[in-house]
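Dear colleague,

Please find below the structure that I am handing over to you.

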Amino acid sequence: MSDPTLAALMLWAIVVGLDLASVLQGLLNRPLVAGAVAGVILGDPGAGLRIGAALELFALDVLPVGASRYPDYGAATVAAVVMAAHEPWVTALGPAVLLGVMLAQIGSGSIVVHRRVTAWALRRTAAALDRGEPGVATRVHVAGIIADLLRSGALAALGIGLATWLARVPWLDLATARALTIVAVAGGFVAAIGGALRRAGTARRIAWFAGGMALGVLGLALR
Amino acid sequence: MIGRARALLRLVALQASWTYERMQGIGIAVAMEPLLEPLTPYPERARAARGRSAQYFNAHPFLAGAAVGALARAELDEEPGERILRLRTALSGPLGALGDQLFWAGIVPATMGLALIAVTLGGGLGAVALCVLGYNLLRVLVTWWGLRVGLAHGLRVAHAISESWLPKAAPRAGDVAAVLVGAAVPLLAAWLLRGTGQPLRASVLVVAGAALLGALTIRRPLSAPALTIGAAVLTLLWRWSAA
């Protein structure tokens, strides 16, 4: 991987890390989007879309409400695409998606660390904030953005480094890699379907979901 | 107008300083700052308003504009401080619940479901880009609408929102999401498993098994990532022991 490609991937992984909660929340962190752009950067958009779509199934199970702790699939997807790009996708998909799922859980822990760092800055300035001193809130806020930038950068470096190393090690035979692909995709569907059923809540909404599945099957039959 | 535009820009980064203590409180203070500029000639009022603006608050980030607008209007109208703090507390729950229903359980999965369907049908990168653009346009429009409603209605913002399109649209968004995610599932299964040998049989088995597991674990959610990693470890052990 050339230096400009690596720099572009790092930058993109940091952008998607910030998009998760701190800045915009404009779907850039979604695996399908993060993966598609990473694929373009690596010159293999097909791999980016496939890895992104598979990890999107896991992300569909996530409801980032209130103070919940949720996985960070952004940098994790970029790393997964680095591992799978320019490889036969049937064997690369499984190991890459599994790497993405594991990195997303590490990302979840890093969000808690970010919140604690911001809380530390907040505690140091709480009295000044309550007195209404000008500029204090902005300083805490900017510190939060910088802390998240560093969090995203660290996650991106870890993920891309790990993916580059794993892509070089021929540690799986063809049949095992293929089996892992089926395991990873099946796990994704458990996440997406389980998440959709739980989110539905009512029998009426589950009927909408079943109707959608029937439409999808009809679409497959007609193709 | 410039103050409103600056507040909107700051609302885009509302959650950058989220903490367990004040949650979005600091972000709300930063977003309110441009709207409180008319208080600059009255330093004591401005100081008291800034102090209140950084207190605890938590709602859906895209609807927080309604709270920012309403709180700023109340400060500019010289409402008593206690009433302003009560409004802050009262808005958290409804704006959070409505926004979660509309965006996190509705528009976000609906957009991603649509993007997944488009990708499996050959839409490629263009389809993904269109979905992202459409979503962001909607997200900014909703935040701008909230800011305007809040500034126009002040302490009566809750009533204005309850009479608006929002409570009717939120459940509908979830219905649309259910259909689109449902339709994406079989299409995506066939697309992802094509090339593994027997795509149709594998797709049917994977989707049927996943649906069964999903249905069995509605009440006791299964951690799909943990399940997947566990199954992958077992697969590796099985393959390596057979080698």
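Predicted model: local features only at pLDDT ≥ 70, side-chain atom pairs only at ≥ 80, totals over all residues.

For chain A, the mean pLDDT is 94, and 100% of its residues reach 70 or more. Within that chain, α2(A) has the highest confidence, at a mean of 98, while α7(A) has the lowest, at 89.

Overall form of chain A

Chain A contains eight helices and zero strands, and its pattern along the sequence is accordingly written α-α-α-α-α-α-α-α. Along the principal axes, its C-alpha atoms fill a box of roughly 65 × 50 × 25 Å. Of the 223 residues in chain A, 57% are buried. When contacts in chain A between residues at least 6 apart in sequence are considered, 75% of them join residues at least 24 apart.

A helix pair in chain A

Two packed helices are described by the angle between their axes and the distance between the axes. In chain A, the axes of α1 (residues 3–21) and α4 (residues 73–84) come within 7 Å and cross at roughly 150°. Because angles over 145 degrees count as roughly antiparallel, α1(A) is roughly antiparallel to α4(A). On the α1(A) side, the contact is made by Leu9(A), Trp12(A), Ala13(A), Val16(A), Gly17(A), Asp19(A) and Leu20(A); α4(A) contributes Gly74(A), Ala75(A), Val78(A) and Val82(A). By class, these residues are eight nonpolar, two polar and one charged.

Two loop residues with positive phi

Leu27(A) lies in the loop between α1 and α2 of chain A. Although Leu27(A) is not a glycine, its phi is positive, at about 75°. Leu27(A) has 24 other C-beta atoms within 10 Å and is therefore buried, the threshold being 20 or more.

His86(A) sits in the loop between α4 and α5 of chain A. This residue, too, is other than glycine and has a positive phi, near 65°. His86(A) has 11 C-beta neighbours inside 10 Å, so it counts as exposed, the limit being 12 or fewer.

The contact between the chains

Chain A gives 82 residues to its contact with chain B, and chain B gives 80 residues. On the chain A side, at least two residues each come from α2 (31–42), α3 (45–59), α5 (89–131), α6 (136–168), α7 (174–200) and α8 (203–222). The largest share, 23 residues, is supplied by α7(A). The side of chain A that touches chain B comprises 52 nonpolar, 18 polar and twelve charged residues.

One residue on the chain B side may be of interest to you. Thr19(B) is located in the loop between α1 (2–11) and α2 (25–32) of chain B. With its neighbours within four places in sequence left aside, Thr19(B) is in contact with Arg115(A), Thr118(A), Ala119(A) and Leu122(A). Thr19(B) is buried, with 23 other C-beta atoms within 10 Å. From Thr19(B) to Tyr56(B), the C-alpha to C-alpha distance is 9.7 Å, and the two are 37 residues apart in sequence.

Domains of chain B

Chain B is divided into domain 1 (2–193) and domain 2 (195–231), whose C-alpha centres lie 34 Å apart. Their contact takes five residues from domain 1 and six residues from domain 2 of chain B. On the domain 1 side, the contact has five nonpolar, no polar and no charged residues.

With kind regards

Notes: Residues numbered from 1 in each chain as written. Chains lettered and ligands numbered in written order. Contact = placed C-beta atoms within 7 Å. Helix = DSSP H or I, 4+ residues; strand = E, 2+ residues; numbered from the N terminus. Nonpolar A, V, L, I, M, F, W, Y, C, P; charged D, E, K, R; others polar. Axes fitted to C-alpha atoms, helices over the stretch in contact; angles between N-to-C directions. Parallel < 35°, antiparallel > 145°, perpendicular 65-115°, else oblique. Domains from an automatic or database assignment. pLDDT = per-residue confidence, 0-100.
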